[in-house]
Amino acid sequence: MPRKKAATNATLEKLGIKPYAEKKGEDYMNDAQYEHFRNILDTWKKQLMEEVDRTVHHMQDEAANFPDPVDRASQEEEFSLELRTRDRERKLLKKISQSIVKIDEEEYGFCESCSIEIGIRRLEARPTAEMCIDCKTLDEIKERQYG
């Protein structure tokens with residue numbers, strides 16, 4: 001259990017957001033929780049967009065036609081790695097946007113497979129989670145078995 005808390009805190013610390021303090025007897029996915037997760041998702045999205053801008057400027061500023069093939073290859077490899085990272089982040093941005101839409105529709109925080117609560121701490125660790133831990137575990141087992 002401490003490991004799970006560390007993952008949650010690492011995600012939130014990276015975004016500069018405090019974990020949600022649940023109040024005794026409060027409903028799951030109330031307005032305060034929706035606001036908390038919208039804040040997490042908006043902050044995360046903003047950080048990713050800043051990285052995209054930084055990458056574009058870096059590639060424009062650093063692009064050079066090196067006469068030495070080794071230097072040119074090194075730069076191309078660096079740019080290739082950066083572009084792959086940005087491609088993964090582009091896919092993540094899409095999931096973040098989908099999660100924000102779910103908040104707007106008040107469907108965020110519930111498992112797409114079984115409709116039970118995903119849980120505050122799991123969502124803080126992975127704000128784009130779409131399945132509860134049990135369904136996700138089963139999904140991963142099936143994926144490993146059937147390729």
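**Overall form, helix packing and cysteines**

The chain has a radius of gyration of 19 Å, whereas a compact globule of 147 residues would have one near 15 Å; the radius is taken over C-alpha atoms, and the globule rule is 2.2 Å times the number of residues to the power 0.38. This is a predicted model, in which local features need pLDDT of at least 70 and side-chain atom pairs count only at pLDDT 80 or more, while totals for chains, interfaces and linings use all residues. Residues are numbered from 1 along each chain as its sequence is written, and side-chain values use heavy atoms, with hydrogens and water left out.

Reader: How are H2 and H3 oriented, roughly parallel or roughly antiparallel?

Author: Helices here are DSSP runs (H or I, at least four residues), numbered from the N terminus. Helix H2 (residues 31–62) and helix H3 (residues 69–104) pack with their axes 9 Å apart and at an angle of about 155°. Angles under 35 degrees count as roughly parallel, over 145 as roughly antiparallel, 65 to 115 as roughly perpendicular and the rest as oblique, so H2 is, relative to H3, roughly antiparallel.

Reader: Is cysteine 132 buried or exposed?

Author: Buried means under 20% relative accessible area, exposed over 50%, and partly exposed in between (1.4 Å probe, protein chains only). Cysteine 132 has a relative accessible area of 3%, and therefore counts as buried.

Note on methods. Axes are lines fitted to C-alpha atoms, for helices over the stretch in contact, and angles run from 0 to 180 degrees between N-to-C directions. Helices (H or I, at least four residues) and strands (E, at least two) are DSSP runs, numbered from the N terminus.
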